[in-house]
Amino acid sequence: MIEILDERKRQVFENGKDSYNIACGKASTAGSVSQRACVFCGSRVVLYPIADALHLVHGPIGCAAYTWDIRGSLSSGSELYRLSFSTDLRENEVIYGGEKKLYASLVELIDQYAPKAAFVYSTCIVGLIGDDVDAVCARVSREKGIPVLPVFSEGFKGTKKDGYRAACEAVFKLVGRDNTTPVSPFSINILGDFNLAGEIWIIKEYYRKMGIEVTSCITGDGRVDEIGRAHKAKLNVVQCSGSMSYLAKMMKETYGIPFIRVSYFGIEDMSSALYDVANFFDNKEIIEKTQKVVLEEVSTLLPQLESFRRDLEGKKAAIYVGGSFKAFSLVKALRHLGIQTVVVGSQTGTQEDYNYLKEITEEGTIICDDTNPLELSKFILEKGADLLIGGVKERPIAYKMGIAFCDHNHERKEALAGFEGMLNFSREVHSSIMSPVWKYSPARIKHAGGAE
Amino acid sequence: MIAEAIKTKSPSRSYTSTRNACKLCAPFGACIVFRGISGCIPLIHGSQGCSTYIRRYGISHFREPIDIASSNFTESTAIFGGRDNLELALSNVTRQYKPEAIGVTSTCLSETIGENVPMYIAQYEKDRSEREKNGGSKEPALFYASTPSYRGTHMDGFHEAIYSVVSKLAGTSVASENVEEPKHLNLISGFVSSEDLRELHKILSSFEMPYTLLPDYSESLDGGSWEEYQKLPKGGTPLESIRRMSSAVGTITLGESIPREHDASAWLESNFGVKAARVPMPIGIENTDAFFSQLTEFTGRPISQKWMDVRGRLIDAYIDGHKYCFGKKAIVYGEEDFVLAICSFLSELGIEPVLVATGAVSDSFKSRILSILKKNRSEPLVMDDADFVTMLEKAKDLSPDFVMGSSKGFYLAKNLEIPLIRCGFPIHDRMGGHRILHLGYRGTLNLFDLVCNTLMQIKQSSSKIGYTYI
């Protein structure tokens, strides 16, 4: 019997049954096996796709080793971002300080790799051993003539969300450096798409067809110079708002650029992401082109989804992802496939997010915040889910319980955004749910009387 | 401590930062060991990220659930100390998982703020024994491995965890006082695959003497599909078996690079007079012979004919494939003991490792590699404290034929445009990394086929004709 820890009881909510406000935004309970990472992780994942920057992790080796090549973010040019650089602090530096090693590492790496900028990520012990990372970065920046930006991402100083904020603060310093390159009056920045499996290229193509110029992508397939002129775009389009709203707000305050929140997953949300941009510019030609893009894409996509839907109608899904915006889109996208969401949760959702999830899910759906493997396995079993959508850490839970799995995390190698992504998503969900292997699964045989 | 610290930068290091590390931090190794003990859950005393990253890294290799709890430091924990968090974590983990044991590890964070975890644990145990006396339920055994991430590599954490478990449990069996025990043997494996552990079980069983294999994640990190959700996957060295390690006829440790202060077999020898023998990892004929001889010495039993038959087939295979192997050049990297054993195996085939590297800092690595590779026609480049970018920079002039090691050598092999023969840990880009067999005569045979077939494939695909008989 799996019990839910007392401290966590209000972080789990059954739609239609419970009436309290779901608890969220808390530090994870000590001893619960949270699926969350740390502040460093938040910063690292957001900044990682800036391809022509140097990313140096200042700390002992683990933080760099575990994040080497971890994301599925692609670059159309520089591959510098894929190298894992660490100051690899040893006992010596823990005693005497790591500033010298940080300085020497930066100089050596900048000389060898000639990056356009450098990010220095502080890990847990950096503050404790008293390193003045700011001063070292400022000095190297002066000497080498490139921005060298400290990212204050000590793991224990909050949650992943605080890491997003630290990353936004660092990247904000790159904005506004280029005032000469001309920018179209119909220009946007894409914030919060990380070009996993080339997704941003799909999205950019839609905007291009609409007659919209993408001034910069922050941070998918990101470039330091491009970010330097982001302040001249007319609109910030924010996906993954959990991570990038801070930047959008800072850019609004400083440069007066308005922002809208979008999601590129699923049919409705993807279409809205295009229409919302077209409506913002309120230009007849753009609106017409947008209608054309959406019509073309949707009319190609829908018939293709039909055959998947025939097989998947009536299946049930559990969703556990990092940000709740993605969860919203997934609930809707699954509906197109005839799949009902019976469990949905996120690592970092807010009260508002969970209230919205209550609205869009059905009675009996479990909504959970910062859940853990034991709870997930319990909910999956209780609700009879056929599919789990999550990341690598959730995968074995699904597989051991004999249910299908779709990786919707940042390691994925399949493009799941855009209309094309909806097709890939459907194919992936279909190929996992319909696989004949489940009929051999002991859990499946016992709990569902076999796969069919 | 300071004198020890000064040594940490090895003279062989030419670059200040580490670029694409060939190592992990110490808590990782400790967590693997703790999952190799029956009913034991690891608990990392530090930030939430440490446990999540380590889980993810391990899951990508083993493709099994690896639950690791965290005491979840916050900013105030870092200022005021983590005792309350640790106690809460211990009690929550006990409540949720009902484990037989909890393996606590430290991190760079908890070590740097000077946490006295052994004292916390001792007090926690004292308090709860009061509770148990008052009718509370039996609580899990607690182990503590000090694993500051800024010292050593994952292998130091691995050995430290074994040491922490043995030094806590061995000799505490209540049964051993009165009952005459049958003779039994200890085997401490290094960081090997789940399949290797199963092979070790087969080998040990053939000597017909009871044994303790520590750690043993042959099942806990490579189990079957489940009927019910298992909070902690079954399998692992039983605690009672570890308690009895103090009365064994001897302890065999695979691997020779364990620092004495982490060496559980040395501890058993000095505290209980259990004879300690260290042998190289049994990869290759000579290393495996040495391992089997040691088993014969401790058990007093001969090697079974079954293994001699496999040995015979292995020699036969070596001879069949010798022409494809002789004079070929290899790059080998990974954990020290693993690399030493692979080099020994390759040299038996006349393959010359030209670049040999480990991520660990080691004074003796080079001399030991050179003594294994004394037959090399040219002296190999041996690097400790190495990383993958440095390896690539050095390898370009060495014209190697293949790369042998974990999947982290992918870019190295890709850049050199030569094959990567995947073995060791981790294998993140293929299925079954944990099912690769490396050890014993059968493991060597498996590696031999991998190596020889790779070389044959190169020959086949580089030929214009593309022979179908080779």
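**Exercise 1. The contact between the chains**

Find how many residues of chain B are in contact with chain A, and describe the side of chain B that touches chain A.

*Solution.* Step 1: in this predicted model, 61 residues of chain B are in contact with 63 residues of chain A.

Step 1: list the elements of chain B that give two or more residues to this side. They are helices H1 (2-6), H3 (48-62), H4 (75-80), H5 (83-97) and H6 (108-112), together with strands E1 (18-19) and E3 (69-70).

Step 2: sort the residues by class. The side of chain B that touches chain A has 26 nonpolar, 22 polar and 13 charged residues.

Step 3: look for strand pairing across the two chains. Strand E3 (residues 85-86) of chain A pairs with E1(B) over two bridges, in the antiparallel sense. Opposite Ser86(A) stands Thr18(B), in E1(B).

**Exercise 2. Two domains of chain B**

State the domains into which chain B is divided, then describe the side of domain 1 of chain B that touches domain 2 of chain B.

*Solution.* Step 1: the division of chain B gives domain 1 (12-169), domain 2 (175-303) and domain 3 (306-461).

Step 1: taken over C-alpha atoms, the centres of domain 1 of chain B and domain 2 of chain B are separated by 23 Å.

Step 2: count the contacts. Domain 1 of chain B has 29 residues in contact with 26 residues of domain 2 of chain B. On the domain 1 side, helix H2 (26-35), strand E2 (40-44) and helix H8 (154-169) of chain B each give two or more residues. H8(B) gives the most, with 11 residues.

Step 3: by class, the residues of this side of domain 1 of chain B divide into 18 nonpolar, six polar and five charged.

**Exercise 3. A sheet in chain A**

Give the strand order of the open sheet of four strands in chain A, and identify the strands at the edges.

*Solution.* Step 1: the order is E7-E6-E8-E9 (chain A), and the pairing is parallel.

Step 1: find the edges. Strand E7 (213-218) and strand E9 (259-261) of chain A each have a single partner strand, so one side of each has no neighbour in the sheet.

Step 2: from one strand to the next, the twist averages 25 degrees.

Step 3: examine one pair. Strand E8 (residues 235-238) of chain A pairs with E9(A) over three bridges, in the parallel sense. Val237(A) has Ile260(A) in E9(A) as its bridge partner.

**Exercise 4. The side chains of one strand**

Which residues of strand E5 (residues 148-151) of chain A point one way, and which the other?

*Solution.* Step 1: in a regular strand the side chains alternate between the two faces of the sheet.

Step 1: Val148(A) and Pro150(A) point one way from E5(A), and Leu149(A) and Val151(A) the other way. All are buried.

Step 2: find the partner strand. Strand E4 (residues 117-122) of chain A runs parallel to E5(A), joined by four bridges. Val120(A) stands opposite Pro150(A) in E5(A).

Key
Residues are numbered from 1 along each chain as its sequence is written. Chains are lettered from A and ligands numbered from 1 in the order in which they are written. This is a predicted model: local features need pLDDT of at least 70, side-chain atom pairs count only at pLDDT 80 or more; totals for chains, interfaces and linings use all residues. Two residues are in contact if their C-beta atoms, placed from the backbone, lie within 7 Å. Ala, Val, Leu, Ile, Met, Phe, Trp, Tyr, Cys and Pro count as nonpolar, Asp, Glu, Lys and Arg as charged, and the others, Gly among them, as polar. Two strands pair if DSSP finds at least two bridges between them. Domain bounds come from an automatic or database domain assignment. Axes are lines fitted to C-alpha atoms, for helices over the stretch in contact, and angles run from 0 to 180 degrees between N-to-C directions. A residue is buried if 20 or more other C-beta atoms lie within 10 Å of its own, exposed if 12 or fewer, and partly exposed in between; C-beta atoms are placed from the backbone.
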